[in-house]
Amino acid sequence: MMDQKPISIIRLDAAVGGGNPTFTFPHTYIPHPDTPKSDPAVISALQSVSADVVITTRVPITAGVLAACPSLKLVAVWAIGSDHIDLAACKEKGVRVCNIPAASNEAVAEHAISLYFSLRRRIVYLHELTRAGKEWVSRGSLAGEFGGKIPGTAREEVLSVFGAGELGNRVANIGRALGMEVIFAERKGVPASEVREGRTEFTEAIRISTVLVLTLPLAPSTLNLISTPELDLMRPDALLINVARGGIVDEDALVEALKAGKLGGVATDVFAVEPADKDNVLVKAAGEDWSRGRLVLTPHLAWFAQSSIKKLERVTEENIEGWLKGDLRNVVL
């Protein structure tokens, strides 16, 4: 257990993560609402109070930050994903890392299904056409905006979930409740003879699914997991929905495949670089005439819900107080 001097806690990008934890031990807590994702900005914040603990949602903690802030002892991730933390450097410096597993699964799963309906029913695009007050009047019907096809209903879908953790299972449960056939994809590269019970071989899952939902973490093994070879396998009516992490899907390849009609639609809440600006390839594509409701974007807010905030606060409090007592929970490192 550490000594009794007040523990100095810095909260980065507090406006992004929402909420504010409270602690029962002697401490100082300074939230920084908007923190630039740069080493100088992070170092300045941490050095200003010789921080013992940093809480971060998406601001990177790099080797440079760790080298410049020797007082730092714990990185508490205000999320599940820790891909923005240099874990090797943390290990070298003896800095512990914890996260919040399943922090927002309810909200993210519901958001994924919302994106499914937005795509299959062209809701966002039809809203814009209706709001303009011209096309419906001049054409009499906007049924032609479904590409000359009649959309099916949920019970006709084959939903493939990539990532069989708690979030993936929640998405699967909602899919089943809607009448979808649900399968879980095996990891990429696993031979057909070694596919686990209850899983479908990776490429076969891509080939047969009408809805593909990504719920897996970003790691070296999942970077560009979906790129041109995988997109070429998809059904022309397939919908790809990413509520996992940017970088899992090759964004350039995705836009080319969607434009070529190799899949029916794409929805994503996450981007390779965030915030996504006007130069992002997906943002640009969504504004082009050819996309016509087949590309739906949301700004990494699938997690945002009252239940999520409450859990983030509670588990962060438990993680830091556990660390202080020598019993760190939800250990990443």
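**Exercise 1. State the volume of the largest cavity and describe its lining.**

Solution. The largest cavity has a volume of about 70 Å³. A cavity is, on a 1 Å grid over the protein atoms alone, a set of points where a 1.4 Å probe fits but cannot get out; its volume is the space filled by probe spheres set on the points, which are joined across faces, edges and corners. The model is predicted: local features need pLDDT of at least 70 and side-chain atom pairs count only at pLDDT 80 or more, while totals for chains, interfaces and linings use all residues. Residues are numbered from 1 along each chain as its sequence is written, and side-chain values use heavy atoms, with hydrogens and water left out.

Next, the lining comprises 13 residues, and Asn242, Val249, Leu254, Thr268 and Val270 lie nearest the centre of the cavity. Two or more lining residues come from each of strand 10 (239-242), helix 11 (251-259) and strand 11 (265-268). Helices (H or I, at least four residues) and strands (E, at least two) are DSSP runs, numbered from the N terminus. Lining residues have an atom within 4 Å of a point.

Finally, the lining divides by class into 8 nonpolar, 4 polar and 1 charged residues. Here Ala, Val, Leu, Ile, Met, Phe, Trp, Tyr, Cys and Pro count as nonpolar, Asp, Glu, Lys and Arg as charged, and the others, Gly among them, as polar.

**Exercise 2. Give the strand order of the open sheet of 7 strands and examine its edges.**

Solution. The order is 8-7-6-9-10-11-12, with parallel pairing; two strands pair if DSSP finds at least two bridges between them. Strand 8 (199-200) and strand 12 (295-297) are the edge strands. Each has a single partner strand, so one side of each lacks a neighbour in the sheet. Phe184 has Arg199 of strand 8 as its bridge partner.

Methods:
On a 1 Å grid over the protein atoms alone, a cavity is a set of points where a 1.4 Å probe fits but cannot get out, and a pocket is an open set with protein on both sides within 12 Å along at least five of seven lines; lining residues have an atom within 4 Å of a point.
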